[in-house]
Amino acid sequence: MPTALQFTSVGLTFPDGTTALDNVDLDVGSGEFVTVVGPSGCGKSTLLRVAAGLEQPTKGSCSVDRTSLGFVFQDATLFPWRTVHQNVGLLAELHGLGDASARIGAAIDVVGLREHVDKYPRQLSGGMAMRTSLARSLVLEPDVFMFDEPFGALDELTRERLNDELVTLFVARRFATLFITHSIAEAVFLSTRVVVMSPRPGRIIAHHDVPFPYPRRHDLRYTAEFNELAAAVSNDLRAAQR
Amino acid sequence: MTDDRRARLARIIGPVIVFGCFVGTWYLAHYVLMSENRRFLVPPPHDVVQEAFLTWSVDGGTATLATSAGGGLSDQLEALWLSAQVALLGLSIAIVIGIALATLMSQAKWVEQAIYPYLVALQAIPILAFVPLIGVLWGFEFRSRVLVCVIIALFPIVANTLFGLLSVDRSHRELMTLHGASRLRQLRTLQFPAAMPAIFTGLQISAGLAVIGAIVGDFFFRQGQPGIGQLIDRYRASLAYEQMYGSVILAAVLGIVVFWFFGWLGRRVVGAWYEPAAR
Ligand SMILES: Nc1ncnc2c1ncn2[C@@H]1O[C@H](COP(=O)(O)OP(=O)(O)OP(=O)(O)O)[C@@H](O)[C@H]1O
Ligand SMILES: [Mg+2]
């Protein structure tokens, strides 16, 4: 399996002396869905920002092909003066894709916002805004996708529904994914692999391969195997915090 | 009654009540507050309307002191037209220069630091200190009056535009950077649209100031073709108080119209997406 994203002994100390990352080694193969869980403030967002090129590591290196990179922020980061359709078209404009209306339409259909294309962000629910944000990246048909707690602000039901949709998408497109979440259930449900980070400075302290085959049905969440794995991840997290 | 109609009615009734209070106070001032021999200083509203607006032209030749300065609607409108031209041209120039300056300043901290103190100084020095100087250096004609307007209207546009361009969400900026947007691209696609509400706030303030600038410049130049400012001064000097109040009212109306126009334009441009903070 070729590597899509590789952290090699990455360390990052901010100018104010805060060390956010310490010696992180992590590979994400193409077609892999890797989720990072860890206590709040441990450096998960920083890790993702290094991968996206928004922060430079102070030690080690990170290699990734950023030509077609999908990045979904914690909030939807939609431009309030653009309609759903125009927001979804933003990255196509920035990447000079020319007439991308077919791609934009397809991305909007994937996230089920066909009826809402002319709405402005202030008229959207949190879930709809997040779907728009997702569609915006989908237009690029990215090979590498990064998510920073994208569904953290949503209610449980919407979150699960979006998780189901994301799995469907992943099965169809098989982009290499680095996903960050606070929710262990979300991590296990989505991923091929869950990694656990220590409290700050963040290091990777455990890997859990998730054996469940795709496509995953929503009732996977209620099986014994699922809960066993979730418990194991939870134990690692607790152990790390002591 | 539907909510819509009620809201519209409420929007009209407020200003009407205030207008009534204003006119009432005016009459009160004329008939009650002023002593008999000083009453001419505050002529009653109906006299003002009659003499300044309903009389087309007051013939200067009748030689009574009060009318020697001329007056009537034709003079008033001619002066108003001149002042409006000065104000609008001054405002347009201030908008172009102001937005260009703010854009430059938004590109580098050092440019901002280099220019800002001088803008603040321009703003802080009373315009009255400039006016005579401009007249002496550059003549008392149209262009000098326009310059006064530009000086007085510039600052709010620069300050608001700069504020708007710089207070872009960090995550929005990062999204643009992440996808390789150049500075020009950031300005065009992110910063200017995001700054629109602030820019229109600045435009609205400056529009009002430009009208003041047009009148103040004219008032103190006292030369050249008369605008509203010179009329006010001349009517005051010749005790033509009805005409003077008429000129003041026209100046106010010009300010209100320009202010209202930019408010309307702003709502047209950003109203669909921008929600001002709730009261
Ligand atoms: N620009 C910065 N300068 C200094 N310190 C920073 C900066 N950005 C983040 N930090 C610090 O680095 C640490 C890691 O931050 P990060 O945002 O990566 O945490 P996180 O794991 O994403 O937390 P959360 O789960 O709450 O989102 C925190 O202690 C934070 O205070
Ligand atoms: Mg974070």
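The following questions and answers concern a predicted model and treat its ligand, its interface and its backbone in turn.

Reader: Which helix of chain A gives the most to the shell around ligand 1?

Author: The shell around ligand 1 holds 14 residues, and those that come nearest are Ser40(A), Gly41(A), Lys44(A), Ser45(A) and Thr46(A). By class, this shell has three nonpolar, seven polar and four charged residues. With three residues, the element of chain A that gives the most to the shell is helix α1 (residues 44-52).

Reader: How much of the accessible area of ligand 1 does the protein cover?

Author: Several polar atoms of chain A lie beside oxygen atoms of ligand 1: a side-chain atom of Ser40(A) at 2.6 Å, a backbone atom of Gly43(A) at 2.9 Å and a side-chain atom of His182(A) at 3.1 Å. On its own, ligand 1 has 640 Å² of accessible area, and the share of this that the protein covers is 66%.

Reader: How much area do chain A and chain B bury between them?

Author: The size of an interface is often given as the accessible area lost when the parts come together. Here the contact takes 22 residues from chain A and 18 residues from chain B. Carbon and sulfur atoms account for 68% of the buried area, and the area itself is about 1900 Å².

Reader: Which three residues supply more than any other three of the area that chain A buries against chain B?

Author: Chain A and chain B bury about 1900 Å² between them. Of the part that chain A buries against chain B, 35% is supplied by three residues, namely Trp81(A), Leu94(A) and Arg122(A).

Reader: Which side chains meet in a salt bridge?

Author: Across the interface of chain A and chain B, the rule finds five residue pairs in polar contact. It finds one salt bridge across this interface. With an N to O distance of 2.6 Å, the side chains that meet in a salt bridge are those of Glu174(B) and Arg49(A).

Reader: Which element gives the most to the side of chain A that touches chain B?

Author: At least two residues of this side are supplied by each of α1, β5 (69-72) and α3 (90-94) of chain A. By class, the side of chain A that touches chain B has 14 nonpolar, two polar and six charged residues. With four residues, the element that gives the most is α3(A).

Reader: How many helices does chain B have?

Author: Along the sequence, chain B follows the pattern α-α-α-α-α-α-α-α-α-α. Its C-alpha atoms fill a box of roughly 75 × 60 × 30 Å along the principal axes. Chain B has zero strands, and its helices number ten.

Reader: Where is the place of Pro215(A)?

Author: Most residues other than glycine have a negative phi, and most peptide bonds are trans. The place of Pro215(A) is in the loop between β9 and α8 (224-241) of chain A.

Reader: What is the phi of Ser9(A)?

Author: Ser9(A) has its place in strand β1 (residues 3-13) of chain A. Although Ser9(A) is not a glycine, its phi is positive, at about 45 degrees.

Terms used. Residues numbered from 1 in each chain as written. Chains lettered and ligands numbered in written order. Predicted model: local features only at pLDDT ≥ 70, side-chain atom pairs only at ≥ 80, totals over all residues. Heavy atoms only, no water. Near = heavy atom within 4 Å. Polar contact = N/O pair within 3.5 Å; in protein donor to acceptor, adjacent residues only side chain to side chain. Areas by Shrake-Rupley, 256 points an atom, 1.4 Å probe, with all protein chains shown as cover. Nonpolar A, V, L, I, M, F, W, Y, C, P; charged D, E, K, R; others polar. Contact = heavy atoms within 4.5 Å. Buried area = accessible area lost by both parts, 1.4 Å probe. Salt bridge = Lys/Arg side-chain N within 4 Å of Asp/Glu carboxyl O.
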